[in-house]
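Notebook open, model loaded. I'm jotting down what I look up as I go.

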Amino acid sequence: MIGENWKLSKIVRYQLLTIACCILTIAFSVPAVAVPSLQPVSINQLQPSEVESIGLDTQIWGENGQPGDRQLLLKSIDNSLRYLNTSAAASAYSRYRVSGITRDRVRRSLDRFRQLVVSSTTPAQLQESVKREFVFYKSIGKDGKGTVAFTGYFEPTYAASRTPNSEYRYPLYRLPPNMGSWPRPHPTRLDLEGADALQGSKGLLRGLELVWLRDRFQAFLVQVQGSARLQLAEGGEMTVGFAGKTTHSYTGVGRELVKDGKFTLDELTLPKLTEYFTSFPAEMDKYLPKNQSFVFFRETNGAPPTGSIGVPVTAERSIATDKALMPPGALALISTKLPYPNAAGKLEQNAVNRYVLDQDTGGAIKGAGRVDVFMGTGNLAGDRAGYINSTGELYYPLLK
């Protein structure tokens, strides 16, 4: 990603704020105990409502008066196919210990699915073809029963400056060249930048400033999202992307506020969180350092936000999962609720079935029961990402 993959449910990902005959085990490296995370299921094992809706992706051709995004889906498929032809993919799948799920099968499945998207003329036609030719591998979820928690992430667009002044005071930092010699565990966020986020120039971060933002919470959110598109006070635009992070695990600041009774989890959205810190700015000194992890950046020269497998992520067509459990670059299918503006411009949750590509991961995305959906760039994408706090199902369709 991309940073921490903050969440609404974690904080709304952001804090905004995881289918033929036996349970499969999945692992990267060589864990002491293999972790079961997917199981193959046949159509007759699904609930009638699942059978009716699974794979019925109406957004490809357009719905509710909005144009379809077939070309974006095809582009995202091509991004995954490009990754699957790399030595990095060969290495990842050589360690992927799931019987029947191989790089070759994932690649052939994507090739065939792409052909079906091109040749199909309706959602129902594509759905029937996929049901006929593919097997669905379903995530066991967070409860062993297939329940997956969904959140959203996005690429923010904020004001920034290449030089600090009284208005632009909060820096993003380059990856320290000597970070390999730092003591472990690494210094915390509090150690590196102080409680007020202005002390970085007095310690290990001195001289590593990349760009300055005028809003402290926005600078923090860039670390959570892992990339940003910045409108420069000097004119023009600057894009930054994830370059590395410290050894500390991500802690959701929103969860900390919930723990202290500031909100209930159901109330927690990014707008609500932003409003809180705007009203009580001194509270940032207390709560932001609770996320001890610290993210570093590099200038990306206008490149789109990139996932952990090294390809661009696509709005509503790319997801982040735990790559120790899920097949990188693979075609996936999500069934959940996502927010869309209604006729009055208000966001409301709509049930969706969506083909996506598994192209990213994040520090907050752990286990078989977590999925983060990339929602795009800018304010509306951020608002929508911040309202994703739903459950649903995650499937991986693979050729029979």
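I started with the lining of the largest cavity, where H7 gives the most, with four residues. I take helices (H or I, at least four residues) and strands (E, at least two) as DSSP runs, numbered from the N terminus. This is a predicted model, so I keep to pLDDT of at least 70 for local features and 80 or more for side-chain atom pairs, while totals for chains, interfaces and linings use all residues. Residues are numbered from 1 along each chain as its sequence is written, and side-chain values use heavy atoms, with hydrogens and water left out.

**Cavity.** The volume of the largest cavity comes to about 100 Å³. For the search, a 1 Å grid goes over the protein atoms alone: a cavity is a set of points where a 1.4 Å probe fits but cannot get out, a pocket is an open set with protein on both sides within 12 Å along at least five of seven lines, and lining residues have an atom within 4 Å of a point. Points are joined across faces, edges and corners, and a volume is the space filled by probe spheres set on them. I find Tyr170, Arg189, Ala197, Arg216 and Leu288 among the residues in the cavity lining. Strand E9 (170-173), helix H6 (189-193) and helix H7 (216-225) each give two or more residues to this lining. By class I get six nonpolar, one polar and three charged, counting Ala, Val, Leu, Ile, Met, Phe, Trp, Tyr, Cys and Pro as nonpolar, Asp, Glu, Lys and Arg as charged, and the others, Gly among them, as polar.

**Ala197.** I looked at the backbone of this lining residue too. Its phi is near 65°, a positive value in a residue other than glycine. Ala197 sits in the loop between H6 and strand E10 (209-213). Is Ala197 buried or exposed? Ala197 counts as buried because its relative accessibility is 6%, and buried means under 20% relative accessible area, exposed over 50%, partly exposed in between (1.4 Å probe, protein chains only).

**Asn301.** Here I see another positive phi, about 55°, and Asn301 is not a glycine. Asn301 is in the loop between strand E13 (295-299) and strand E14 (318-320). Asn301 is exposed, at 67% relative accessible area.

I put the largest pocket at about 520 Å³. Its lining has 21 residues, and Gln59, Gln66, Glu316, Tyr340 and Arg384 are the closest to its centre. E16 supplies the largest share of that lining, five residues. The pocket lining splits into eight nonpolar, seven polar and six charged residues.

**Core.** Which residues touch the most other members of the largest nonpolar core? Phe113 and Phe277 do, in a core of 94 residues. I use "nonpolar core" for a set of buried Ala, Val, Leu, Ile, Met, Phe, Trp, Tyr and Cys residues joined through side-chain atoms within 4.5 Å. A second, separate core of eight residues includes Tyr173, Trp182, Phe294 and Phe296.

**Tyr396.** I placed Tyr396 in strand E18 (residues 390-399). Tyr396 is buried, with a relative accessible area of 1%.

**Pro185.** I found a cis peptide bond from Arg184 to Pro185, with omega near 0°. Pro185 is in the loop between E9 and H6.
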